[in-house]
Amino acid sequence: MLKIWTDGSCLGNPGPGGWGFVATDGIHTAERCGGEKDTTNNRMELTAVIKALTAAKKHNEIEIHTDSQYVKNGMESWIKNWKKNNWRTADKKPVKNVELWQQLDELASKIKIHWVWVKGHAGEEFNERVDDLARTAAESYK
């Protein structure tokens with residue numbers, strides 16, 4: 001199974017932002033990062049997962065490790081009701097970052113995903129690496 005760690009970062013929120021991911025199948029490891037000049041932390045968290053799943057399109061089962069409760073809870077529970085309510089929250093407001101959620105939902109519909117929450121800044125090797133990638137990318141957009 002392919003294992004992926006993702007992270008997003010934003011300097012200011014909104015402000016310059018970055019995303020990063022590390023993917024490994026236990027033999028090979030790859031990492032990517034990027035960013036935007038004016039964005040938010042949540043947008044970068046979502047973008048990291050979208051970029052990772054896009055890069056991993058030949059895999060049919062993936063384990064995503066994220067320190068973002070926003071992404072994990074969104075995909076495991078909130079998104080079902082958002083879709084049922086025409087992309088509105090429980091209090092009838094439009095879902096923020098809807099275009100990214102829709103893109104992530106489309107990608108996730110084609111892959112079996114196991115969502116794993118990891119505590120951020122707790123010394124977990126790949127989580128620390130994606131944090132560095134995302135932060136460095138964000139800094140390059142200052």
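What share of the contacts in the protein with a separation of 6 or more comes from residues 24 or more positions apart? Such residues account for 65% of these contacts, where contact means heavy atoms within 4.5 Å. The model is predicted: local features need pLDDT of at least 70, side-chain atom pairs count only at pLDDT 80 or more, and totals for chains, interfaces and linings use all residues. Residues are numbered from 1 along each chain as its sequence is written, and side-chain values use heavy atoms, with hydrogens and water left out.

The protein has four helices and five strands. These are DSSP runs numbered from the N terminus (helices H or I, at least four residues; strands E, at least two). Their order along the sequence is β-β-β-α-β-α-α-β-α. The C-alpha atoms fill a box of roughly 40 × 35 × 25 Å along the principal axes. Of the 142 residues, 46% count as buried, that is, under 20% relative accessible area with a 1.4 Å probe, protein chains only.

Helix α1 (residues 41–55) packs with helix α3 (residues 98–108) at an angle of about 25°. Their axes lie 10 Å apart. Axes are lines fitted to C-alpha atoms over the stretch in contact, and angles run from 0 to 180 degrees between N-to-C directions. The two helices are therefore roughly parallel (angles under 35 degrees). From α1, the contact is made by Arg43, Leu46, Thr47, Val49, Ile50, Leu53 and Thr54. From α3, Glu99, Leu100, Trp101, Gln103, Leu104 and Leu107 take part.

Methods
Parallel < 35°, antiparallel > 145°, perpendicular 65-115°, else oblique. Buried < 20%, exposed > 50% of the residue type's maximum accessible area, 1.4 Å probe, protein only.
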